[in-house]
Amino acid sequence: MAQQSHEGYRDRSHAGAALGMALASELPAGNYTVLGLLRGGVPVASEVARSLGGRLGALAVRKLGVPSNPEIAFGAIASYGMASGRYLDQEIHRRALRYFGESELESVEFRATRELMELAGEFKPYAPDLAGQQVVVCDDGIATGSTMLAALDLVWRLKPKLVVVAAPVAPSDLVQNLAYPADQVVIAWQPPDFRAVGAHYQDFAPVQREEALRLLRAAGN
């Protein structure tokens, strides 16, 4: 487990460079496919792919937020090529179901699925085959783990050889939750006072579609 001591990241490129260095020192030499979770994970994954000399791809995810507080996820969904993935936080989902009712949560998932399909469709050309590959799944940070767990549910369906979860920042107590569905977890920085992911960046502006596409095209694979 990589660990870095600092005050924060300038932006996602800076974070990706730091994560790439951590991965290059921890992973054995080999051919890697690096997937960035859309869209914030793509600039991070771009730097990681450069560090590892790997292929770059993009995986679409959408959080399923509790109706009264969308920042709290009762689950997440993912899409890549023709495959899909799903994760439900059983406890939060149970409480949300009791409070809001099934139809309300179904409405949330319907809207999220529509957004997910549009996003996945836009980035479909950047979904390399994962069968038998060593795959690194990157995001710009992990807070609850819902979107990453949905991504892992999807990635394993595509029969990779190895799956590594990687992020520039995450709380230390979350790592154990990801250790089982992944072969390895590499977090460059686990601040003792973890807050929201964006609190550990100087610049955490949303990644626009054009920027993500530019990085994927520039990778040329």
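I count Ala, Val, Leu, Ile, Met, Phe, Trp, Tyr, Cys and Pro as nonpolar, Asp, Glu, Lys and Arg as charged, and the others, Gly among them, as polar. The model I am working from is predicted.

**Second largest pocket**

With those classes I sorted the lining of the second largest pocket into 5 nonpolar, 2 polar and 6 charged residues. I find 13 lining residues there, and Asp11, Arg12, Ser13, Pro43 and Glu211 lie nearest the centre. I looked up the space in this pocket and got about 170 Å³. Three helices, α1 (12-26), α2 (41-52) and α7 (209-219), each supply at least two residues of this lining.

**Largest pocket**

I then turned to the largest pocket, which holds about 1,100 Å³ of space. Its lining has 37 residues, and Arg62, Lys63, Glu71, Asp139 and Thr147 are the closest to its centre. By class, I note 18 nonpolar, 9 polar and 10 charged residues in the lining of the largest pocket.

Which elements each supply at least two residues of that lining? I listed strands β1 (32-38), β2 (55-66) and β3 (69-80), together with helices α4 (102-122) and α5 (146-157). β2 gives the most, with 6 residues.

**Annotated domain**

I checked the UniProt record, an unreviewed entry, which places "domain: Phosphoribosyltransferase" at residues 27-171. Over residues 27-171 I get 39% helix and 34% strand. The end C-alpha atoms of that stretch are 21 Å apart.

Notes
Residues are numbered from 1 along each chain as its sequence is written. This is a predicted model: local features need pLDDT of at least 70, side-chain atom pairs count only at pLDDT 80 or more; totals for chains, interfaces and linings use all residues. Side-chain values use heavy atoms; hydrogens and water are left out. On a 1 Å grid over the protein atoms alone, a cavity is a set of points where a 1.4 Å probe fits but cannot get out, and a pocket is an open set with protein on both sides within 12 Å along at least five of seven lines; lining residues have an atom within 4 Å of a point. Grid points are joined across faces, edges and corners, and a volume is the space filled by probe spheres set on the points. Helices (H or I, at least four residues) and strands (E, at least two) are DSSP runs, numbered from the N terminus. UniProt positions are given in the numbering used here, feature names are shortened, and annotations may be inferred rather than shown by experiment.
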